[in-house]
Amino acid sequence: MDILTSVAPTQSLTASWRREGLRVGFVPTMGYLHAGHESLIRAAAAENDRVVVSIFVNPTQFGPNEDLEAYPRDWERDRGICRSLGVSLIFAPDAGEMYPGGFATKVGVRGLSEVLCGRSRPIHFDGVCLVCLKLFNVVGPDAAYFGLKDAQQYFVLARMVKDLNLNLTLRPCPIVREPDGLAMSSRNAYLSGPERKAALILSSALNKAREAAEGGEREASRLTGLVSEVVATEPLARLEYAQAVSTDDLSEVSEISGEVLVAAAVWVGKTRLIDNFILPPVGGAG
Ligand code: AMP
């Protein structure tokens with residue numbers, strides 16, 4: 001397994017693979033890898049000849065009062081996981097390599113970036129688009145793998161790939177959960193014992209809404225109302241939003257018809273957690 005921290009050697013290594021006719025799969029991450037990331041790496045390995053994982057805690061997607069400095073890191077463990085899963089290359093640049101002096105370019109997807117999580121994180125998706133566009137240009141993958149845990153991220157990036165005619169396929173992958181249902185996330189490491197128990201309210205609330213939808217409820221406000229009612233029963237949790245949106249453009253829907261994303265964010269103490277489900281499911285059971 002190669003480990004590279006600079007752009008130029010990464011571009012030449014992946015270019016040499018493409019010249020040999022090898023298919024390259026790419027999994028962008030911020031490290032502190034868990035079973036959710038592992039599922040993306042496995043999906044990439046199943047469909048490609050080479051798998052590249054990037055590990056980069058991208059400063060441009062964190063707001064001024066967010067957890068950039070505190071974001072958990074464990075380089076040795078991440079390297080071991082990548083090696084054991086047969087990853088060919090870890091690209092692990094630092095911020096100076098990605099954003100050298102004089103860097104001045106902005107990228108963004110209007111509309112889709114401004115709803116759901118974008119309301120409270122106004123610069124987040126522009127930062128995600130910027131870093132992913134750069135990473136796609138560095139790695140040159142045939143396919144890139146994203147978890148539906150961050151469903152809005154996937155739909156924003158899919159729009160960018162389409163709008164800019166980027167020559168790669170995005171693959172959405174199902175949410176991986178802890179045995180009790182909590183969606184896996186590097187940020188779960190912030191939770192204290194009591195907060196970890198309280199965090200379960202998010203997946204429980206979404207499950208209630210999903211069951212109602214599967215039972216025939218078609219009114220979006222009933223489903224999101226159920227989510228807020230259930231979250232309100234947990235004193236340690238505070239709902240930021242629960243919304244039902246069309247997966248086409250992430251615009252709010254009033255009726256469940258076509259493909260609908262039901263997404264929610266809750267605060268448990270100082271930790272912000274997100275989760276969602278899609279009706280009907282895409283990319284496997286979410
Ligand atoms: P991150 O390291 O949090 O930026 O995540 C890197 C990739 O892993 C993103 O595509 C995430 O959506 C994906 N991911 C994170 N958590 C999960 C999970 N629980 N299940 C599936 N994919 C996940």
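Reader: Where is P280 found?

Author: The model is predicted: local features need pLDDT of at least 70, side-chain atom pairs count only at pLDDT 80 or more, and totals for chains, interfaces and linings use all residues. Residues are numbered from 1 along each chain as its sequence is written, and side-chain values use heavy atoms, with hydrogens and water left out. Helices (H or I, at least four residues) and strands (E, at least two) are DSSP runs, numbered from the N terminus. P280 is placed by these runs in the segment after β9 (271-279).

Reader: What is omega for the cis peptide bond that joins L279 and P280?

Author: Most peptide bonds are trans. The bond between L279 and P280 is cis. Its omega is about -20°.

Reader: Is N165, with its positive phi, buried or exposed?

Author: N165 sits in the loop between α7 and β6. Its phi is about 50°, although N165 is not a glycine. Buried means under 20% relative accessible area, exposed over 50%, partly exposed in between (1.4 Å probe, protein chains only). N165 has a relative accessible area of 66%, so it is exposed.

Reader: L250 has a positive phi as well. Is L250 buried or exposed?

Author: L250 belongs to the loop between β7 (237-246) and β8 (260-268). Its phi is about 60°, and L250 is not a glycine. The relative accessible area is 1%, so L250 is buried.

Reader: How far apart in space are A158 and T169?

Author: A158 lies in helix α7 (residues 151-163). With a relative accessible area of 26%, A158 is partly exposed. A158 and T169 are eleven residues apart in sequence. C-alpha to C-alpha, the separation in space is 8.7 Å.

Reader: How is the protein divided into domains?

Author: The bounds come from an automatic or database domain assignment. The C-alpha centres of the two domains lie 26 Å apart. The division gives domain 1 (2-173) and domain 2 (190-278).

Reader: What area is buried between domain 1 and domain 2?

Author: Buried area is the accessible area (1.4 Å probe) that two parts lose on being put together, summed over both. Carbon and sulfur atoms give 63% of it here. The area between domain 1 and domain 2 is about 1400 Å².

Reader: Which residues in domain 1 lose the most area to domain 2?

Author: Three residues together account for 42% of what the domain 1 side buries. They are L116, C117 and F155.

Reader: How many salt bridges are counted between domain 1 and domain 2?

Author: A salt bridge is a side-chain nitrogen of Lys or Arg within 4 Å of a carboxyl oxygen of Asp or Glu. The structure holds twelve of them. Between domain 1 and domain 2 the count is zero.

Reader: Which residue forms a salt bridge with R187?

Author: The closest N and O atoms of the pair are 2.8 Å apart. The partners are 120 residues apart: R187 is in the loop between β6 (169-173) and α8 (193-214), its partner in the loop between β3 (50-55) and α3 (75-84). The partner is D67.

Reader: Which residue pairs with R196 in a salt bridge?

Author: R196 is in helix α8, and its partner, 16 residues away, is in the loop between β6 and α8. R196 has a relative accessible area of 24%, so it is partly exposed. The closest N and O atoms are 2.9 Å apart, and the partner is D180.

Reader: Which residues make the nonpolar surface patch of about 230 Å²?

Author: Patches are made of residues with over 30% relative accessible area and no salt bridge: like charges are joined within 9 Å, nonpolar side chains (Val, Leu, Ile, Met, Phe, Trp, Tyr) within 5 Å. Areas come from the Shrake-Rupley method with a 1.4 Å probe; for residues, only the protein chains shown count as cover. One member lies in the segment before β1 (2-4) and has a relative accessible area of 34%. The patch is made by M1, I3 and W75.
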